[in-house]
Amino acid sequence: MKLTIPGFGWVLLALLWLNSSAFAADTPAKPAKKSSKDEVVTITTSQGVIRLILFDDTPLHKANFLQKAKSGFYDGTTFHRVISGFMIQGGDANSKDADPNNDGMGQPTDPTIPAEFGPGYKHNYGALAAARQGDFANPQRASSSSQFYLVENQDGTHFLDGQYTVFGQAIQGLDIINKIAALPKDGRDRPTTDLKMTMKVEKLKRKKITKIYGYKYE
């Protein structure tokens with residue numbers, strides 16, 4: 001799954017029913033109370049470990065990514081496209097098979113996730129974002145349900161802001177993202193040696209996450 005990006009060529013593939021009673025109309029809804037805990041996603045590769053936090057206010061993307069990470073969907077997938085000074089992309093189920101030529105293509109029946117641009121998260125260094133098809137085939141800019149990328153450029157890739165849903169942040173392993181981006185690759189930007197990943201999810205107190213990783217919740 002890919003998208004046309006000027007200067008990079010083909011790079012990246014990406015309610016609530018209210019009761020209408022008088023009581024409901026007169027009583028403002030209370031904001032949902034945030035949990036004192038959060039999930040940390042650990043990506044393990046041969047190059048090292050990357051840890052991620054997912055944003056609460058991109059709930060569709062967060063729930064989907066956690067479900068896949070917990071189910072083992074991502075285990076054995078690869079980072080199939082790496083561009084130094086830009087990003088690393090992975091998560092396609094096709095990358096589990098023996099054919100490197102279909103990596104990143106996805107399946108025609110793969111579902112998509114509606115874009116969640118509301119929070120306005122930026123493509124900062126280490127940002128986690130959803131890949132998607134290009135605007136010509138996907139004017140709603142709906143996200144891939146599996147493929148994701150991590151921003152490797154230390155200045156960010158802000159020309160992508162508002163075009164792809166950013167739904168998380170690396171809180172450990174920025175150096176590993178750099179190492180992966182610098183791997184030898186072929187003409188399709190695919191690492192010449194498969195870079196497989198596994199994922200696990202651990203729930204920790206938010207205060208502990210801040211203490212261990214230095215990540216500060218707003």
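Predicted model: local features only at pLDDT ≥ 70, side-chain atom pairs only at ≥ 80, totals over all residues.

1. Residues are numbered from 1 along each chain as its sequence is written, and side-chain values use heavy atoms, with hydrogens and water left out.

2. The secondary structure of the chain comes to four helices and 12 strands, where helices (H or I, at least four residues) and strands (E, at least two) are DSSP runs numbered from the N terminus. Of the 218 residues in the chain, 47% are buried; buried means under 20% relative accessible area, exposed over 50%, and partly exposed in between, with a 1.4 Å probe and protein chains only. The accessible surface is about 11300 Å², and carbon and sulfur atoms account for 55% of that area (Shrake-Rupley method, 1.4 Å probe; for residues, only the protein chains shown count as cover).

3. Helix α3, residues 174-181, has Ile176, Ile177, Ile180 and Ala181 buried. Viewed down the axis of α3, the buried residues fall within an arc of 140°, so they line one face of the helix; the arc is that of the directions from the helix axis to the C-beta atoms. These buried residues pack against β3 (37-45), β4 (48-54), β5 (79-83), β6 (87-90), β10 (148-151) and β11 (166-172), with contact meaning heavy atoms within 4.5 Å.

4. There are 10 aromatic pairs, given that rings of Phe, Tyr and Trp (its six-membered ring) pair if their centres lie within 6.5 Å, with planes under 30 degrees apart counted as stacked, over 60 as edge-to-face and the rest as tilted. Phe55 and Tyr121 form a stacked pair, at 3.9 Å centre to centre and 25° between the planes. Phe55 lies in the loop between β4 and α2 (59-71), and Tyr121 in the loop between β7 (112-113) and β8 (127-130), so the pair ties together parts that are 66 residues apart in sequence. Phe55 is buried at 9% relative accessibility, whereas Tyr121 is partly exposed at 24%.

5. The rings of Phe65 and Tyr74 have centres 5.2 Å apart and planes at 40°, so this pair is tilted, and both residues are buried. Phe65 and Tyr74 belong to one aromatic cluster with Phe73, Phe79, Phe148 and Phe167.

6. The charged end of Lys68 sits over the ring of Phe73, 5.4 Å from its centre, and that of Arg132 sits over the ring of Tyr164, 4.4 Å from its centre. The criterion is NZ of Lys or CZ of Arg within 6 Å of the ring centre and within 35 degrees of the ring normal.
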